[in-house]
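Please look through the sequence and the coordinates before reading on. The report below goes from the overall layout to individual side chains.

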Amino acid sequence: MNDSSKPLKTANPATAPAPAGSSAIDAFLGSAKRLAPVADSDPRGRLVFALDATMSRQPTWDLACRLQADMFGATASLAGLAVQLVYFRGFDECRSSRWVADAAALTSLMGRIDCRGGQTQIARVLRHVRTEAGRTPVRALVYVGDAMEEPVDELCAVAGELGLLGVKAFMFHEGADADAGRAFREIARLTGGAYAHFDAGAAGRLAGLLRAAAAYASGGTVALHRLASREGEARRLLTAMPGGGR
């Protein structure tokens with residue numbers, strides 16, 4: 001986790017200064033530093049797990065904290081999964097963890113974050129993923145959010161670059177915000193990923209979607225097809241991908 005208190009720099013688009021004296025963020029950063037990092041040479045598939053942590057998201061953030069372990073579990077029989085957590089909240093806070101392969105540690109890390117009011121920072125998330133994929137291949141971005149308050153053309157431009165880098169975006173949309181839905185669909189299309197809508201009350205559906213995205217990140221379309229043979233959400237995600245994920 002980059003915890004620099006200096007102004008945001010282009011080289012680290014998911015880093016922002018922490019509010020002075022914020023014990024909660026200090027604790028989060030301390031925990032993030034103690035996570036055992038995944039080496040660049042590690043063969044695990046890489047997945048960025050990005051969440052909108054603005055105030056409206058608290059119920060689903062809590063749900064995601066409980067369900068993210070399923071992402072690791074879905075890849076147990078494959079090469080495994082390395083996950084990087086990215087979140088934004090407030091008006092200028094957007095942070096990323098190290099790459100980790102420990103579900104319990106990531107769950108503990110997520111549990112230290114509470115949601116705060118603010119606007120979406122999806123462009124910063126996409127630029128961060130672009131930077132990460134330029135260093136080491138990233139197979140998938142999972143984004144969970146309910147709103148979009150940014151110029152959609154800017155988001156689409158970066159999404160197109162992610163597509164060229166081979167990063168598929170799985171955009172999971174909670175709620176009924178039409179602008180968010182259109183933007184999320186277009187980001188998914190431009191990257192060759194998939195869009196899926198879910199209701200915060202449908203924990204089983206989100207769990208299935210996360211497992212499906214993890215299977216793809218770990219083992220590609222072969223693994224996703226295998227999971228789709230027994231799980232409905234994986235079939236739906238596969239169908240939503242261009243060409244049925246071929």
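What follows is a report on a predicted model, arranged by topic.

## Overall layout

The secondary structure of this predicted protein comes to eight helices and six strands, and these elements follow one another along the sequence in the pattern α-β-α-β-β-α-α-β-α-β-α-β-α-α. Of the 246 residues of the protein, 54% count as buried.

Among the contacts between residues at least 6 apart in sequence, 77% join residues that are at least 24 apart. Some individual cases of contacts and spatial neighbours are described in the sections below.

## The β2–β3 hairpin

Strands β2 and β3 run antiparallel and are joined by six bridges, with three residues between the strands of this hairpin, where Gly90 takes a positive phi near 60 degrees. Strand β3, covering residues 93-100, is mostly covered, since seven of its eight residues are buried.

Across this pairing, Gln84 stands opposite Trp99 in β3. The ring of Trp99 also has a charged neighbour, as Arg46 lies over its face at 5.0 Å from the ring centre.

## Aromatic pairs

The count of aromatic pairs comes to three. In one of them, the rings of Phe88 and Tyr143 have their centres 6.4 Å apart and their planes at 20 degrees, and the pair is classed as stacked because planes under 30 degrees apart fall in that class. This pair links distant parts of the chain, with Phe88 in strand β2 (residues 81-89) and Tyr143 in strand β4 (residues 140-145), 55 residues apart.

Both Phe88 and Tyr143 are buried. Together with Phe184, these two residues form one aromatic cluster.

## Cysteines

The count of disulfides in the model comes to zero. A disulfide is a covalent bond between the sulfur atoms of two cysteines.

Leaving aside residues up to four places away in sequence, Asp177 touches Asp146 and Ala147. The C-alpha atoms of Asp177 and Asp146 are 6.8 Å apart in space, although these two residues are 31 apart in sequence.

## Arg211 in α7

Arg211 is found in helix α7, which covers residues 203-228, and with a relative accessible area of 22% this arginine is partly exposed. The side chain of Arg211 makes a polar contact with the side chain of Glu231, at 3.1 Å.

For Arg211 and Ala234, the separation is 23 residues in sequence and 7.6 Å in space, taken from C-alpha to C-alpha.

Key:
Residues are numbered from 1 along each chain as its sequence is written. This is a predicted model: local features need pLDDT of at least 70, side-chain atom pairs count only at pLDDT 80 or more; totals for chains, interfaces and linings use all residues. Side-chain values use heavy atoms; hydrogens and water are left out. Contact means heavy atoms within 4.5 Å. Rings of Phe, Tyr and Trp (its six-membered ring) pair if their centres lie within 6.5 Å; planes under 30 degrees apart count as stacked, over 60 as edge-to-face and the rest as tilted. Helices (H or I, at least four residues) and strands (E, at least two) are DSSP runs, numbered from the N terminus. Buried means under 20% relative accessible area, exposed over 50%, partly exposed in between (1.4 Å probe, protein chains only). A charge sits over a ring if NZ of Lys or CZ of Arg is within 6 Å of the ring centre and within 35 degrees of the ring normal. Two strands pair if DSSP finds at least two bridges between them. A disulfide is a pair of cysteine sulfur atoms within 2.5 Å. A polar contact is a pair of N or O atoms within 3.5 Å; within protein, one must be able to donate a hydrogen and the other to accept it, and residues adjacent in sequence count only if both atoms are side-chain atoms.
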